[in-house]
Amino acid sequence: MRNFKMARWAVGFGVCLAALTMSGCETTTSSGVVGANRQQLLLVSSDQMNQGAAQAYTEMKTDAQKSSVLNKDTAMLNRVRTIAARLQPQTQVFRPDALNWNWEVNVLESDELNAFCMPGGKIMFYSGLIKTLNLSDAEIAVVMGHEIAHALREHSREQMSQALVAQGAIGLGAALLGLGQGSANLANQGYSAFIATKFSRNDESEADRIGLELTARAGYDPRAGVTLWQKMMNASQGSAPPEILSTHPASANRIQEIQSLLPAVLPLYEAARR
Ligand SMILES: [Zn+2]
């Protein structure tokens, strides 16, 4: 009898797991005007991701401080923080809980053309991105909106979940309970694991969509999405292509896709300006 029950449980679990693996089991965001509603495979918990990210972010800041490259340019820091402060309230369209995140925004003095938002809202901008591409406020908002969108959609958590399944290194039951070896070690992986998340093209497309809506709702001209990515593309022809493109693979028609989103988000921009 017990075996029978166990067998039924195992079959049920297997079916559930297969369904989970095939189609995902939940989605992290509401859809907004141009957002995403794809189902996602999420085995690691948000808390674990956010905890790991917070620790990694602190380590990164400490290292940057030691090397005297943290928030060197006060004017630039204020500019970036002002833009972030306008974007953050807009996140509630996609997920109300993001308003309660422990958001942080800092600027790293570096020639790298890079920026990221770790799980839970830990944002880092590299001064090189703003200086080298001579970004306008609206273009900074587009980059930041895009990075925030990755965090709202929990793309890193999804990547981590997929990696756990792919590795098969831990018991999936344990992973479902959040007790997996891999996930338990998350906090110890250092910040590289969080910065170097390589997003899929699908993730990129979702982040472009949600990011553009955040930009427009915050009252920044979403048409800056076109000029921003044109600048990025031009820079990628040079000898030192933007680091941001190595973790954010672009589709060939990214600019066209952004252009096709403008009719939906421009009214939000007009409304926000009133
Ligand atoms: Zn991206």
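What share of the contacts with a separation of 6 or more in the protein chain comes from residues 24 or more positions apart? The figure is 74%. Keep in mind that this is a predicted model.

Now the overall make-up. The protein chain has 13 helices and three strands. Its length is 274 residues, and 41% of them are buried.

On to the core. As background, nonpolar side chains in soluble globular proteins tend to be buried together. Here, the largest nonpolar core holds 62 residues. Three residues have the most contacts inside this core: Phe125, Ala141 and Met144. Which helix gives the core its largest share? That is H5, residues 137-152, with 10 residues.

Take Met144 from that list. Leave out residues up to four places away in sequence, and Met144 touches Ile83, Ala84, Leu87 and Ile123.

Last topic: a helix pair. Look at H11, residues 224-236, and H13, residues 254-273. Their axes come within 9 Å. The crossing angle is roughly 175°. Angles over 145 degrees count as roughly antiparallel, so H11 is roughly antiparallel to H13.

Which residues make the contact? From H11, they are Gly225, Val226, Trp229 and Gln230. From H13, they are Arg254, Ile255, Ile258 and Gln259. Sort the contact by class, and there are four nonpolar residues, three polar and one charged.

To recap. Residues 24 or more positions apart account for 74% of the contacts with a separation of 6 or more. The largest nonpolar core has 62 residues, and helix H5 supplies its largest share. H11 and H13 run roughly antiparallel.

Note on methods:
Residues are numbered from 1 along each chain as its sequence is written. This is a predicted model: local features need pLDDT of at least 70, side-chain atom pairs count only at pLDDT 80 or more; totals for chains, interfaces and linings use all residues. Axes are lines fitted to C-alpha atoms, for helices over the stretch in contact, and angles run from 0 to 180 degrees between N-to-C directions. Helices (H or I, at least four residues) and strands (E, at least two) are DSSP runs, numbered from the N terminus. Angles under 35 degrees count as roughly parallel, over 145 as roughly antiparallel, 65 to 115 as roughly perpendicular and the rest as oblique. Two residues are in contact if their C-beta atoms, placed from the backbone, lie within 7 Å. Ala, Val, Leu, Ile, Met, Phe, Trp, Tyr, Cys and Pro count as nonpolar, Asp, Glu, Lys and Arg as charged, and the others, Gly among them, as polar. A residue is buried if 20 or more other C-beta atoms lie within 10 Å of its own, exposed if 12 or fewer, and partly exposed in between; C-beta atoms are placed from the backbone. A nonpolar core is a set of buried Ala, Val, Leu, Ile, Met, Phe, Trp, Tyr and Cys residues joined through C-beta atoms within 7 Å.
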